[in-house]
Each structure stands twice: as structure tokens, then as C-alpha cells.
Amino acid sequence: GQDIFISTWSLQRNTQLWGEDAAEFNPARWKNRIPSQGLWAGFNPEKASIYPNEIATDYAFMPFGGGPRKCIGDNFALLEAEVALVCLLKRFDF
């Protein structure tokens, strides 16, 4: 077999795909559709689950990898973050 290295850091900060603010934290980016460019199919928020995944972004956003060797802990990591947020918010009165 052949080893292939994909730099997810640079892929997820590519200004050609994500716009000039690709290196900035912008959660609103995931609310709207991003049109296709060249061979990239763009981003379709209707294909996303709880969070943007590799299917919805045509493998341009892969925080946990993709395909059959995808990280099995991706859902656990999100659940753990939700629990941490709830524990933090319980300490405040609104």
C-alpha cells in the first residue's frame, strides 16, 4: 500500500476554500452553504450531523479524519466537551 499524508491543519485553514477569514474562529461559517469551487463540491450544511463533518464539506474539513479509518472517539470527544460545558454553566446563575 501507499501512505498518504494530509495536512489537516493547512486544509482547514485554506483561504481558497473557506475565505479570507479561514484562520479565524467563525462558528457562523457553518450556517450557510459554501458553493463548489473547481473539483471541490463545497459545503452543504444539510449533510452535516451535530457538527460539520467530512461528508458535508467534501473532505475539506476533517478534524477526526474520514472514511473507514475515522477516529472512533469523535462522538465521545464532542460528548465530553458538552459535559464540560454543562458543568461549567451549572456554576452560574442566570
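Begin with the cysteines: the count of disulfides (pairs of cysteine sulfur atoms within 2.5 Å) comes to zero. The model is predicted, so local features need pLDDT of at least 70 and side-chain atom pairs count only at pLDDT 80 or more, while totals for chains, interfaces and linings use all residues. Residues are numbered from 1 along each chain as its sequence is written, and side-chain values use heavy atoms, with hydrogens and water left out.

Select Cys71, which is partly exposed with a relative accessible area of 37%, and then Cys87, also partly exposed, at 42%. Here buried means under 20% relative accessible area, exposed over 50%, and partly exposed in between (1.4 Å probe, protein chains only).

Next, turn to the salt bridges, of which there are three; each is a side-chain nitrogen of Lys or Arg within 4 Å of a carboxyl oxygen of Asp or Glu. Select Asp21 and Arg29: their closest N and O atoms are 3.2 Å apart. Asp21 is partly exposed at 24% relative accessibility, whereas Arg29 is buried at 12%. Then select Glu54 and Lys70, a salt bridge whose closest N and O atoms are 3.3 Å apart.

Now display the largest nonpolar core, which has eleven residues, among them Trp18, Trp40, Phe43, Ala56 and Phe61. Such a core is a set of buried Ala, Val, Leu, Ile, Met, Phe, Trp, Tyr and Cys residues joined through side-chain atoms within 4.5 Å. Centre the view on Ala56: leaving aside neighbours within four places in sequence, Ala56 is in contact (heavy atoms within 4.5 Å) with Gly42, Phe43, Asn44, Lys47 and Ala48.
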